[in-house]
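Student: Could you take me closely through one part of this model, a pair of neighbouring strands and what their residues touch? I would like a single connected account.

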Amino acid sequence: MKQVTKGQWGGYDTYILHSRELELTLLPRLGNNIISLWDRKENREILRRPDESDISFYLQKPYHFGIPLLVPPGRIRKGQFKFEGTSYQFDQNTDGDNHIHGLHRTQSWCVSDIEEDEEGCAVTTEFNTGDDANWMRQFPVPLRFEMTFRLQDARVQQTLKVTHLGDTVTPFGIGYHTWFMIDGEPGRWKLNLPVESIYELNNELLPSGSLLPLGDLEALNQGMNLQGTNLDTVLRIGKEQPAEALLLRDDGYGLRYTADKDYFRHWVVYTKGPAEQFLCIEPYTWLPDAPNIPKNPSFTGLITLQPGQTLALSSMLEILYP
């Protein structure tokens, strides 16, 4: 049962990690995305899975499915910023001529290792940004990514290692645009998310650099019912709060989503209109538009990568059963 098998999706190879509780489907050649997480005990899809008939939409906006990696996450004003004397210009891909959700889309990652043992199974994949001309045009700093997906019982751990292969310091940030299914029953689900404040956004959905009180969203700290919610909100994790989200159904079933608090300091919660089928719970290391916000890294979460440095970032998803 604790094994890795191969499959197909849209003509591309998939790698399927199996445990007694879960089946995780990984699509390395189209963005290295977890496109499916099937709960064998509940017979339900945990994530928003793309149908093969959706492949054209997936190729256009892969961050609408699964657990896509965003490098960097969120919006950047006019797609541009300066850092340590270097100017960066990302493609302007929103209506307001800003940039959104980074350079990582459908790049092809290669599988470098597969492990199967008594405890679980794992797949490791790699990608070098220096091999992607479109990436280097916008972010001319070569990076090597290594991602390990490990499935053990009802837990999925993702560990991303980033190695700076260039010779100048560079800013860095990632996020995961994780799409959880709530099955058309928002009233049955509650979200418990320890947070202390809201980042104020302007009319272009860019952070102003100011914080707002939680107001009605104070309910997140006790468990907020999703019925009637309509959210696209950037939230700050307090210094003494864990980077942990609990999404619980009224029968005790649910999930715990955690991230490395040393780096992940912000959540974005997004319902795609009134909550009905989906809830995106998105851990971010940097605040959207971080390089343009006149605040220190303890506020923005901006990471400075030094030449030769390797950074490891981990997150964990655990399914909870009644």
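Tutor: Strand β23 (residues 244–249) runs antiparallel to strand β24 (residues 254–259), and 5 bridges join the two; strands here are DSSP runs of E with at least two residues, numbered from the N terminus, and two strands pair if DSSP finds at least two bridges between them. The model is a predicted one, in which local features need pLDDT of at least 70 and side-chain atom pairs count only at pLDDT 80 or more, while totals for chains, interfaces and linings use all residues. Residues are numbered from 1 along each chain as its sequence is written, and side-chain values use heavy atoms, with hydrogens and water left out.

Within the pair, Glu-244 has Thr-258 of β24 as its bridge partner. Both strands belong to an open sheet of 9 strands with antiparallel pairing, in the order β11-β12-β13-β14-β28-β24-β23-β18-β21, whose edge strands, β11 (110–116) and β21 (224–225), each pair on one side only.

Leu-247 and Tyr-257 are among the residues that touch the most other members of the largest nonpolar core, a group of 75 residues. Such a core is a set of buried Ala, Val, Leu, Ile, Met, Phe, Trp, Tyr and Cys residues joined through side-chain atoms within 4.5 Å, where buried means under 20% relative accessible area, exposed over 50%, and partly exposed in between (1.4 Å probe, protein chains only). Strand β13 (residues 143–152) gives the most to this core, with 5 residues. Leaving aside neighbours within four places in sequence, Leu-247 is in contact (heavy atoms within 4.5 Å) with residues including Phe-180, Trp-189, Leu-191, Leu-255 and Ile-281.

Arg-249 forms a salt bridge with Glu-42 (3.0 Å, N to O), the term requiring a side-chain nitrogen of Lys or Arg within 4 Å of a carboxyl oxygen of Asp or Glu. This pair connects β23 with the loop between β4 (33–39) and β5 (44–45), across 207 residues. Arg-249 counts as buried because its relative accessibility is 10%, whereas Glu-42, at 30%, counts as partly exposed.

In the loop between β23 and β24, Asp-250 reaches Arg-188, which lies in the loop between β17 (178–181) and β18 (189–192), 62 residues apart; the closest N and O atoms of this salt bridge are 2.9 Å apart. Asp-250 is exposed, with a relative accessible area of 55%. Salt bridges that share partners join Glu-42, Glu-185, Arg-188, Arg-249, Asp-250 and Asp-251 into one network.

Technical notes
Helix = DSSP H or I, 4+ residues; strand = E, 2+ residues; numbered from the N terminus.
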